[in-house]
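I am keeping this notebook while I look through one chain, and I want to write down each thing as I look it up. The sequence and the model come first, and my entries follow.

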Amino acid sequence: MGTPTLQDRVAVVTGAAQGIGLAVAEAYAGEGARVAVVDIDEDGATEAAARIRRSGGTAIGVGCDVSRRADVDAAAARVAAEIGTITILVSNAGITRPAMLWKMTDEQWDSVLAVHVNGSFYWLQAVTPGMREAKQGNIIFTTSAAGIQGTIGQINYATAKAGLMGMARSAARELATDGIIVNAVAPAAATPMTETIRTDERFRSTYLDTIPLGRWAEPEELSGVYVFLASPAASYFTGQTMSVDGGRVMVR
């Protein structure tokens with residue numbers, strides 16, 4: 001058996017107490033990374049990290065509200081002190097606050113952008129100094145088909161996800177000379193965030209009709225893409241958005 005793909009790398013995965021984030025954290029640990037499971041639900045993060053350790057991996061659980069810069073800076077400092085310099089960041093934390101645009105409140109707008117956009121930017125700034133010094137880093141943003149195609153009833157979410165693709169491309173350009181790879185993943189997965197459109201009959205068939213494979217992915221089906229984007233195999237792959245969505249978004 002060869003050396004695990006991410007042996008001795010230190011990875012932060014936000015929104016990792018469940019769903020895609022948890023699947024990615026478990027996959028990274030399985031590939032030899034030391035993983036910080038970061039989530040606003042500190043108890044959930046702690047339990048997820050314990051689950052990884054029970055499976056033989058190395059992980060710590062870290063509570064963090066990514067919309068607060070002070071929380072992010074404190075979490076990043078704790079990770080560095082406990083498991084080492086961060087060289088992989090998966091910015092995956094997200095929330096939804098659905099409403100049609102003419103009904104959307106300032107709180108619904110601001111809270112979604114604060115988590116997705118501000119939180120990703122705060123973590124980007126927190127990890128960049130260590131990555132630049134190490135001349136190594138892989139940064140991955142979780143975006144969405146909503147940011148590519150738009151969506152109905154979630155203009156805040158679609159705007160935030162489109163912003164993350166712009167953030168990934170800009171960061172990829174700025175950090176390329178430091179050997180830092182930056183990309184985004186646009187998934188279509190069965191997670192708590194997609195529960196309503198997956199289970200409510202008003203939306204279920206409409207959304208499934210847009211997915212050529214005819215089903216939602218399980219989070220574990222996506223983790224290989226995140227492993228690839230954090231690995232040496234992606235050393236010449238930067239500034240891209242990978243749609244892992246059963247064919248829902250096809251570039252023409």
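**Entry 1: the chain as a whole.** I looked up the secondary structure and found nine helices and seven strands in the chain, where helices (H or I, at least four residues) and strands (E, at least two) are DSSP runs numbered from the N terminus. I note that this is a predicted model, in which local features need pLDDT of at least 70 and side-chain atom pairs count only at pLDDT 80 or more, while totals for chains, interfaces and linings use all residues. Residues are numbered from 1 along each chain as its sequence is written, and side-chain values use heavy atoms, with hydrogens and water left out.

I then looked up burial, and buried residues make up 52% of the 252 residues in the chain; buried means under 20% relative accessible area, exposed means over 50%, and partly exposed lies in between, with a 1.4 Å probe and protein chains only. For contacts (heavy atoms within 4.5 Å), I found that 70% of those between residues at least 6 apart in sequence join residues at least 24 apart.

**Entry 2: the cores.** Which residues have the most contacts inside the largest nonpolar core? I found Val12, Val79, Ile86, Trp123, Ile139, Phe141 and Val182, in a core of 33 residues. A nonpolar core is a set of buried Ala, Val, Leu, Ile, Met, Phe, Trp, Tyr and Cys residues joined through side-chain atoms within 4.5 Å. The elements that give two or more residues to this core are the strands β1 (10-14), β2 (34-39), β3 (58-63), β5 (137-142) and β6 (180-187), together with the helices α3 (69-83), α4 and α6. Apart from it lies another core, of 30 residues, and I noted Val24, Ala48, Leu222 and Leu229 among them.

I also followed valine 12, and, not counting residues up to four places away in sequence, valine 12 touches Ala36, Val38, Val79, Ile86, Ile88, Leu89, Val90 and Trp123.

Entry 3: Is tyrosine 226 buried or exposed? Tyrosine 226 is found in helix α9 (residues 219-230), and with a relative accessible area of 0% tyrosine 226 is buried. Leaving aside neighbours within four places in sequence, I found tyrosine 226 in contact with Ile20, Val24, Tyr28, Val90, Ile140, Thr142, Val185 and Pro187. Tyrosine 226 and alanine 27 are 199 residues apart in sequence, and their C-alpha atoms are 8.7 Å apart in space.

Arginine 53 is found in helix α2 (residues 42-54) and is partly exposed, with a relative accessible area of 43%. Not counting residues up to four places away in sequence, arginine 53 touches Ala59 and Ile60.

Glycine 147 is found in helix α5 (residues 145-149) and is buried, with a relative accessible area of 16%. The C-alpha atoms of glycine 147 and alanine 158 are separated by 4.5 Å, although the two are eleven residues apart along the chain. With residues up to four places away in sequence not counted, glycine 147 touches Ala158, Lys161, Ala162 and Met165.

**Entry 4: the aromatic pair.** I looked for aromatic pairs and found that the structure holds one. The rings of phenylalanine 228 and phenylalanine 237 have their centres 5.9 Å apart and their planes at 65°, so the pair is edge-to-face. Rings of Phe, Tyr and Trp (its six-membered ring) pair if their centres lie within 6.5 Å, and planes under 30 degrees apart count as stacked, over 60 as edge-to-face and the rest as tilted. Phenylalanine 228 is partly exposed at 29% relative accessible area, and phenylalanine 237 also counts as partly exposed, at 26%.

**Entry 5: backbone angles.** Most residues other than glycine have a negative phi. I therefore wrote down aspartate 8, which has a positive phi of about 70° although it is not a glycine, as most residues other than glycine have a negative phi. The place of aspartate 8 is in the segment before β1. Lysine 135, in the loop between α4 and β5, has a positive phi as well, near 55°, and at 51% relative accessibility lysine 135 counts as exposed.
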